Amino acid sequence: MIAAVITERDEKDALNAIKKIKDADLIELRLDYIKNLDDKKLKNLIKNCRKPVIATCRKKSEGGFFSGSENERINILKNAVKLGADYVDIEYSSDKNVIKDIIKNKTKAIVSCHDFKQTPSNLGDIYNNIKKLNPDLIKIVTYANSVTDNFKIFDLIKTANEENKKIIAFCMGSYGQFSRILSAILGSQITYSSIEEGKESADCQLTMNEMVNYYRIKKLNKNTKVVGLIGNPVEHSWSHIIHNSAFDKLNINAVYLKFQVDKLKKFIEYMKPLNLIGFSVTIPHKVEIMMYIDGLDKQAKGIGAVNTLVVKNGKLIGYNTDCPGAIRALKQKTELKNKNAVVLGAGGAARAMVYGLIENKSNVTILNRTVEKAKLLADYFKCDYGSLDDLKDIDYDILINTTSVGMYPKANELPIGKNSIKNNKIVFDMVFNPFKTKLLVEAEKRNCTIINGFEMLIYGALLQFKLWTGKDAPEQLMRQKVMEFLKNASH
Ligand SMILES: NC(=O)c1ccc[n+]([C@@H]2O[C@H](COP(=O)([O-])OP(=O)(O)OC[C@H]3O[C@@H](n4cnc5c(N)ncnc54)[C@H](OP(=O)(O)O)[C@@H]3O)[C@@H](O)[C@H]2O)c1
């Protein structure tokens with residue numbers, strides 16, 4: 001079930017927010033947020049919810065705003081019971097007799113424990129202590145300081161499932177954001193969302209729109225297959241929008257999540273036995289990931305980097321779709337054979353690009369800020385190299401930016417001096433955010449044919465989707481979803 005959390009400070013604003021809620025199964029009234037709350041306001045709020053209500057009045061030590069006495073707080077919860085709240089959330093740290101009284105009522109009791117700093121090592125004890133009180137729901141929410149903290153929470157959900165206990169458990173924070181969805185698939189009973197951006201009640205809470213429309217939370221169940229992006233950071237990625245819309249269109253019971261991963265080896269070990277179909281891999285894991293997988297496709301081996309993992313008979317196989325994605329984007333606009341191509345940058349994306357260009361018989365020069373890195377890559381692929389300044393002296397047909405220069409939020413930057421962009425050439429920028437980078441704007445002024453990173457992103461995503469599902473992805477829908485996202489996003 002998905003609960004919309006009301007965090008308005010004023011009764012009127014809360015009532016307005018409640019009116020707008022459509023997709024939630026439950027409404028959590030954060031009564032500690034409401035200024036000057038009295039019985040009349042409480043009654044009015046509960047009455048107007050039109051959906052099952054969770055009454056919560058969080059004390060400060062568990063992340064709440066309630067500033068009155070403990071007696072006053074407990075009275076609010078008891079009144080909520082009398083006024084017909086369907087659930088009451090009471091902290092395990094409250095007086096145990098009060099908790100027992102609340103549990104006795106018809107209203108369902110959620111006995112909760114929150115840790116806003118960490119995921120403590122004694123989670124099992126916390127779970128067992130709450131379990132002894134026999135509430136309707138045990139709620140344990142912690143802060144993830146590493147991706148591995150989520151696994152402690154998932155293990156707890158597994159225990160609760162085995163013991164037929166109803167649990168709500170997930171992690172807060174950017175490392176824990178994916179657990180707000182994955183926990184629900186694994187058996188956590190309620191996931192919470194804000195009604196809109198800026199109204200979150202906890203760090204990295206997703207909005208109702210993201211939960212319902214981007215992640216399709218209402219369509220997920222214990223058979224849902226999992227796929228997702230491994231990177232660090234991952235917050236600016238749109239891949240979840242592209243792939244989840246495609247799963248929805250083709251009625252595939254799968255979800256694409258974003259995993260912020262610090263401990264890569266441990267992440268792979270824990271996730272592998274789950275109901276997985278694969279992963280996308282991005283910065284900084286594209287090379288290290290090769291140490292933890294079971295096999296490599298020939299092209300990924302040649303490139304020396306992996307951006308896609310596919311589960312085949314329980315084994316993780318590495319692919320690289322950056323290369324064919326970039327080559328397809330280029331070939332929409334130009335032949336590659338015998339063309340002089342300059343690649344700016346010598347990182348992971350450059351490796352994939354240079355491999356593809358050489359495979360297609362282009363003459364390649366790699367230019368990079370750190371010339372030693374350009375030399376290393378050029379030695380590996382047996383091509384020319386130099387510094388970014390050398391561009392002005394090179395006679396090229398195709399210019400490709402694989403550096404991250406010009407990427408949001410530094411969208412006003414160029415990887416090279418604008419005078420080195422020559423007239424009537426092909427210019428491809430792998431940066432896809434913003435949609436048209438400064439390099440492409442300058443290239444257009446010089447009558448160049450431009451190709452943006454969005455094309456490579458889409459072509460790469462189509463290949464990934466095929467590898468994971470065996471099906472052709474709905475390309476137009478994927479393009480439309482990204483364009484919609486770009487229009488609505490501030491970046
Ligand atoms: N469109 C797509 O589908 C797609 C796919 C993959 C990647 N990309 C994009 O490609 C870009 C690079 O990705 P990557 O994986 O190759 O990253 P990476 O391995 O970290 O390499 C980054 C490259 O950018 C250079 N660079 C960074 N800051 C610079 C600066 N201020 N001035 C000059 N050069 C600078 C680095 O030069 P040094 O060696 O001197 O540090 C290095 O060559 C990113 O923007 C990424 O989003 C797009």
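I started at the ligand: α16 gives the most to the shell around it, with 4 residues. I'm working on a predicted model, where local features need pLDDT of at least 70, side-chain atom pairs count only at pLDDT 80 or more, and totals for chains, interfaces and linings use all residues. Residues are numbered from 1 along each chain as its sequence is written.

**Ligand shell.** I counted 26 residues around the ligand, the closest being Gly 347, Ala 349, Thr 370, Thr 403 and Gly 453. Elements giving two or more residues are α12 (322-331), α13 (348-359) and α16 (453-469). Helices (H or I, at least four residues) and strands (E, at least two) are DSSP runs, numbered from the N terminus. By class I get 12 nonpolar, 11 polar and 3 charged residues in the shell. Ala, Val, Leu, Ile, Met, Phe, Trp, Tyr, Cys and Pro count as nonpolar, Asp, Glu, Lys and Arg as charged, and the others, Gly among them, as polar.

**Domains.** I looked up the assignment, automatic or from a database: domain 1 (2-221), domain 2 (223-320) and domain 3 (324-456). The C-alpha centres of domain 1 and domain 2 are 31 Å apart. Between them, 15 residues of domain 1 are in contact with 20 residues of domain 2 (contact: C-beta atoms, placed from the backbone, within 7 Å). On the domain 1 side, α6 (147-162) and α7 (179-186) each supply at least two residues. That side has 10 nonpolar, 4 polar and 1 charged residues.

**Helix α3.** Next I checked the length of α3 (residues 70-82): its 13 residues should span 18 Å at 1.5 Å a residue, and the end C-alpha atoms are 19 Å apart, which agrees. The expected span is 1.5 Å times one less than the number of residues. Which residues of α3 are buried? I find Arg 73, Ile 76, Leu 77 and Ala 80. They cover an arc of only 95 degrees around the axis, so they sit on the same side of α3; the arc is that of the directions from the helix axis to the C-beta atoms. Buried means 20 or more other C-beta atoms within 10 Å of a residue's own, exposed 12 or fewer, partly exposed in between, with C-beta atoms placed from the backbone. The face turned away from the buried side carries the exposed Asn 71 and Glu 72. Cover over the buried residues includes α2 (39-47), β3 (53-56), β4 (87-91) and α4 (96-104).

Conventions:
Contact = placed C-beta atoms within 7 Å. Near = placed C-beta within 6 Å.
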